[in-house]
Amino acid sequence: MQIPHDTRRALDVVVALVNTAAEPDRPDRLSDVPALRGFVEEYAISDVGELSARDLAGVRTVRGKFAQVFAAPNSRAAAALINELVATAGTTPRLTDHDGYDWHVHYFAPGASVGDHLAADGGMALAFIVVSGERERLRRCEAPDCRRAFVDLSRNRSRRYCDSRTCGNRLHVAAYRARRKEADVHPEVSEQIEVVQGGEQQ
């Protein structure tokens, strides 16, 4: 799937923002204004001035809307959420080549709050995915103890985990151990496990 660089970057920010939300095993990573400042700096979000509690509340609201897009049951529902996001943000497309970057499009209005900035640019990036007929690529990790958001950019839409080196490997190891345990209890299935192992090593 071909995605323009600025759209890809905006999607990365959307995913990162969604994944700051509190989960049963981790706290909210946007707990206060300094945390929001850290997020802005980490992802080099441009044209952001002094941040306040109002900005924090606005960004959390946008985060919730983004999460709803990932959870949308179909493209029509996702489109309705995205339309609301970009309309509320006062989206104003304009070309820019700031800070040494080549020409690209900003969708947030000059002087926009950081929440509107994220809603406009992130909303338009999500719109690109929906228009391309690729909404199913907006996914949550299938690891039962993770559920982090990600955009599946694999060729055949086969990615299941937010990170194959962590969640994917962890579940594969757990499945292997479960098969070994089953073989210890029922030796007659040991040969089947060896066959599976041989297939996995190819």
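This note sets out numbered points on the predicted model shown above.

1. Basis. The model is predicted, so local features need pLDDT of at least 70 and side-chain atom pairs count only at pLDDT 80 or more, while totals for chains, interfaces and linings use all residues. Residues are numbered from 1 along each chain as its sequence is written, and side-chain values use heavy atoms, with hydrogens and water left out.

2. Overall architecture. The protein has seven helices and four strands; helices (H or I, at least four residues) and strands (E, at least two) are DSSP runs, numbered from the N terminus. Along the sequence their pattern is α-α-α-α-β-β-α-β-β-α-α. Of the 202 residues, 37% count as buried, where buried means under 20% relative accessible area, exposed over 50%, and partly exposed in between (1.4 Å probe, protein chains only).

3. Helix H2 (residues 33–42) has Leu36, Phe39 and Val40 as its buried residues. Seen down the axis of H2, these fall within an arc of 100°, so they line one face of the helix; the arc is that of the directions from the helix axis to the C-beta atoms. The face turned away from the buried side carries the exposed residues Pro34, Glu41 and Glu42. Cover for the buried residues of H2 includes helix H1 (5–18), helix H3 (53–71) and helix H5 (114–131), contact being heavy atoms within 4.5 Å.

4. The ends of H2. Just after H2, alanine 44 takes a positive phi of about 50°.

5. Packing of H3 and H4. H3 and helix H4 (residues 75–88) pack at an angle of about 160°, with their axes 9 Å apart. Axes are lines fitted to C-alpha atoms, for helices over the stretch in contact, and angles run from 0 to 180 degrees between N-to-C directions. The two helices are therefore roughly antiparallel (over 145 degrees). Val62, Lys65, Phe66, Gln68 and Val69 of H3 make the contact with Ala78, Leu81, Ile82, Glu84 and Leu85 of H4.

6. Histidine 106. This residue lies in strand E2 (residues 104–106) and, at 6% relative accessibility, histidine 106 counts as buried. Its side chain makes a polar contact with the side chain of histidine 104 (3.2 Å); a polar contact is a pair of N or O atoms within 3.5 Å, and within protein one must be able to donate a hydrogen and the other to accept it, with residues adjacent in sequence counting only if both atoms are side-chain atoms. Not counting residues up to four places away in sequence, histidine 106 touches Ser46, Asp47, Thr92, Pro93, Arg94, Thr96, His98 and Asp121.

Note on methods
Angles under 35 degrees count as roughly parallel, over 145 as roughly antiparallel, 65 to 115 as roughly perpendicular and the rest as oblique.
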